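Here is a short tour of a two-chain model, written for someone who likes to check geometry in a viewer. Please keep the structure open as you read.

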Amino acid sequence: MIRSEIIKNLVPVLSGQLVVCNIGLPSQEMHMFGDQPSNFYMLGTMGLSSSIGLGLALAQEKTVVAIDGDGSVLTNLGTLPTIANNVRDNFILLIIDNGSYGSTGDQPTYAGKKTSLAAVASACGCENVIECQAEDAVSVMEAAIASKQMTIIVCKCISGNIPVPVITLDPVVIKHRFMQCIDA
Amino acid sequence: MQLDKIIIDAFEKHSIELITTVPCKQLSGVIAELETRESMIHVPANKEDEGMGICAGAFMGGKRSAIIMQNTAIGVTINTLVTLTQYYRLPLPMLISFRGELGEPVVCQVEMAVHTKALLAQLGIPTYHFHNPADVHELDEILKYTFMCNKPVAILTDATFWKGE
């Protein structure tokens, strides 16, 4: 199973949730399979999905799911200690770990080699860290949302991409409709 | 110190409820003052771009946010300022210690100081330079302006400002 299949499978579970989508293909896939106003698409700024998600969770009470990738988390590895030390039980970080920089041509990341992001997250002090396989993504996400506990999910899958169109929504429109969902 | 209190009072007056910080020696007092306020969530960040991401999320979540950092961070955060804060039109007051100015004992700080204003100008970021302690009284209007225009705004605070009271 590749990342786009995980995202497609997660669309019903994430319906109506506040979702921060990582730059590049993950955002494009979420947009194609399950666009909704409560999706915040990152059009730039690699690495900050988890940080934006944490800020959102700190500021309000609704559940926030930040979808990140192994390459992006490695870019912003300092995020994991910050998350661990600022626990918000409405925050779920899903790291889809395909061991590669998917949006740039599947170059391998260190997460696909010797580095375990689940072990890194635990070492940083994160308390509910779950490593799962792609096939279990939906059930693990359902349980995480139901648990009302901050959860870090590292979902392993194989690398590979499908063709997806770019997002043409204006960033201010993305922000505006997202903020309207938070106010609602 | 009085300046620390005036600055955090101004943040509080403008309903800033979440502040991320990456420390600088010149900012230790203001960060300590921030820690005393129950109305504000203080989230220390490991790097300034991470802090700006947290601020972006907090603002969209309904809490006004701000970042406190050193001017060397301008070099770290250009991509984030351009593709997140400016691109999505998010307001972000940036209280910045302007290291490498008059009174600086650490020679390497000068290297980033000479680029700081040029970089901020290139990015089109409204920039205010606090040199005299009395300049602090402009902060109230600067914060009002920041949340009016939905832009990142830089407040550079140099060594003369901090030692002058």
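Let us begin with a helix pair. In this predicted model, helix α1 (residues 2-13) of chain B packs against helix α2 (residues 28-35) of chain B, with an angle of about 50° and axes 9 Å apart. Angles between 35 and 65 degrees count as oblique, and α1(B) and α2(B) are therefore oblique to each other. The crossing of α1(B) past α2(B) is right-handed. On the α1(B) side the contact is made by Asp4(B), Lys5(B), Ile7(B) and Ile8(B), while α2(B) brings Gly29(B), Val30(B), Glu33(B) and Leu34(B). By class, the residues in this contact of α1(B) with α2(B) are four nonpolar, one polar and three charged.

**The sheet of chain B**

Which order do the strands of the open sheet in chain B follow? Six strands are arranged as β2-β1-β3-β4-β6-β5, and their pairing is parallel. At the edges stand β2 (41-44) and β5 (127-130) of chain B, each with a single partner strand, so one side of each has no neighbour in the sheet. On average, neighbouring strands of this sheet are turned by 20° against each other, direction ignored.

Inside the sheet, strand β3 (residues 64-70) of chain B pairs with strand β4 (residues 92-98) of chain B in the parallel sense, over four bridges. One residue pair to look up is Met69(B) and its bridge partner in β4(B), Ile96(B).

Helix α4 (residues 73-86) of chain B lies across β3, β4 and β6 (152-158) of chain B and runs at about 160° to β6(B).

**Where the chains meet**

How many residues does each chain give to the contact? Chain B contributes 25 residues and chain A contributes 25 residues. On the side of chain B that touches chain A, the elements giving two or more residues are β2, α3 and α4 of chain B. The largest share of that side, nine residues, comes from α3(B). Sorted by class, the side of chain B that touches chain A has twelve nonpolar, eight polar and five charged residues.

**A covered strand in chain A**

Strand β4 (residues 91-97) of chain A is mostly covered, with seven of its seven residues buried. Phe91(A), Leu93(A), Ile95(A) and Asp97(A) point one way from β4(A), Ile92(A), Leu94(A) and Ile96(A) point the other way, and all are buried.

| Partner of β4(A) | Residues | Bridges |
|---|---|---|
| β3(A) | 64-69 | six |
| β8(A) | 151-156 | six |

Within these pairings, Val65(A) has Ile92(A) as its bridge partner in β4(A), and Leu94(A) stands opposite Ile153(A) in β8(A).

**A buried loop residue**

Leu14(A) lies in the loop between α1 (3-10) and β1 (18-21) of chain A. Is Leu14(A) buried or exposed? It has 24 C-beta neighbours inside 10 Å, so Leu14(A) counts as buried. Leaving out residues up to four places away in sequence, Leu14(A) touches Val19(A), Gly34(A) and Val65(A). The C-alpha atoms of Leu14(A) and Gln36(A) are separated by 9.7 Å, although these residues are 22 residues apart along the chain.

Notes. Residues are numbered from 1 along each chain as its sequence is written. Chains are lettered from A and ligands numbered from 1 in the order in which they are written. This is a predicted model: local features need pLDDT of at least 70, side-chain atom pairs count only at pLDDT 80 or more; totals for chains, interfaces and linings use all residues. Axes are lines fitted to C-alpha atoms, for helices over the stretch in contact, and angles run from 0 to 180 degrees between N-to-C directions. Angles under 35 degrees count as roughly parallel, over 145 as roughly antiparallel, 65 to 115 as roughly perpendicular and the rest as oblique. A crossing is left-handed if the near helix is turned anticlockwise from the far one by less than a right angle, and right-handed if clockwise. Two residues are in contact if their C-beta atoms, placed from the backbone, lie within 7 Å. Ala, Val, Leu, Ile, Met, Phe, Trp, Tyr, Cys and Pro count as nonpolar, Asp, Glu, Lys and Arg as charged, and the others, Gly among them, as polar. Two strands pair if DSSP finds at least two bridges between them. A residue is buried if 20 or more other C-beta atoms lie within 10 Å of its own, exposed if 12 or fewer, and partly exposed in between; C-beta atoms are placed from the backbone.
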